[in-house]
Amino acid sequence: MTFRWTEHRFAGGALALDVANSVILRSDAAKIVDRFAVPAQIAAFAEAATKLGAERDRFPTLIAPEAEKQAVFLDLREAVDDYFRAAIAGDDDGDDRLAGLLFACGTALRTFPLAENLGNATAHSALSLLAGETRERLRICGNCGWLFIDRSKNRSRIWCDMAVCGNRRKASRHYHRKKEAQT
Ligand SMILES: [Zn+2]
């Protein structure tokens with residue numbers, strides 16, 4: 001099966017979250033997949049984000065970080081996930097994780113001075129997420145564990161993408177109910 005950066009993969013609602021979500025099923029050691037383990041996928045992501053990403057107006061052109069500097073970009077990705085995932089879950093570690101995120105953003109901005117660089121844009125996107133209103137709307141998908149912004153009116157979204165994760169969860173509940181009824 002060939003992998004494609006479809007609309008679903010940009011369900012995070014912010015570039016920095018979609019970058020963090022390039023690691024699939026982070027919490028499941030048996031199923032975890034890093035889509036950026038193949039460096040060409042970073043370029044494919046950058047291209048797709050300009051068409052499908054929620055911040056495509058803000059970042060209309062994105063190029064992949066230079067191959068020899070990709071480690072800086074991936075460190076930023078991990079810092080984004082680490083900080084926001086813990087913040088959403090209410091894990092309070094003082095400001096250690098925030099310091100880690102700000103350091104990673106600073107390093108990325110120095111390493112990738114061009115605004116078009118995915119490393120630069122991801123840092124800017126992450127810094128915007130720290131602002132009050134958006135910060136309060138950050139969620140972790142109840143099915144796949146992706147990070148996303150809940151832009152619903154009553155702030156009650158629990159799936160990153162209703163069409164994918166919401167339906168999968170419903171189908172699995174239905175399956176288990178049927179199984180229970182049979183036994
Ligand atoms: Zn999901």
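Biologist: What is the relative accessible area of Leu 127?

Modeller: Bear in mind that this is a predicted model, where local features need pLDDT of at least 70, side-chain atom pairs count only at pLDDT 80 or more, and totals for chains, interfaces and linings use all residues. Residues are numbered from 1 along each chain as its sequence is written, and side-chain values use heavy atoms, leaving out hydrogens and water. Buried means under 20% relative accessible area, exposed over 50%, and partly exposed in between (1.4 Å probe, protein chains only). Leu 127 counts as partly exposed because its relative accessible area is 32%.

Biologist: Which residues does Leu 127 contact, leaving aside its neighbours within four places in sequence?

Modeller: Leu 127 lies in helix α5 (residues 118-129); helices (H or I, at least four residues) and strands (E, at least two) are DSSP runs numbered from the N terminus. Contact means heavy atoms within 4.5 Å. With those sequence neighbours set aside, the partners of Leu 127 are Leu 102, Cys 105 and Leu 109.

Biologist: How do α3 and α4 run, roughly parallel or roughly antiparallel?

Modeller: The axes, lines fitted to C-alpha atoms (for helices over the stretch in contact), are compared by angles from 0 to 180 degrees between N-to-C directions. For α3 (residues 70-89) and α4 (residues 96-111), the axes come within 9 Å and cross at roughly 155 degrees. Angles under 35 degrees count as roughly parallel, over 145 as roughly antiparallel, 65 to 115 as roughly perpendicular and the rest as oblique. So α3 and α4 are roughly antiparallel.

Biologist: How many nonpolar residues are in the contact of α3 with α4?

Modeller: The α3 side includes Leu 76, Val 80 and Phe 84, and the α4 side includes Leu 98, Leu 101 and Cys 105. Here Ala, Val, Leu, Ile, Met, Phe, Trp, Tyr, Cys and Pro count as nonpolar, Asp, Glu, Lys and Arg as charged, and the others, Gly among them, as polar. The contact has three polar residues and three charged ones, and its nonpolar residues number twelve.

Biologist: How do α3 and α5 run, roughly parallel or roughly antiparallel?

Modeller: The axes of α3 and α5 come within 10 Å and cross at roughly 15 degrees. Therefore α3 and α5 are roughly parallel.

Biologist: How many disulfides turn up in a search of the whole structure?

Modeller: A disulfide is a covalent bond between the sulfur atoms of two cysteines. The cut-off used here is a pair of cysteine sulfur atoms within 2.5 Å. Cys 160 is buried at 3% relative accessibility, and Cys 165 is buried at 1%. Across the whole structure, the number of disulfides found is zero.
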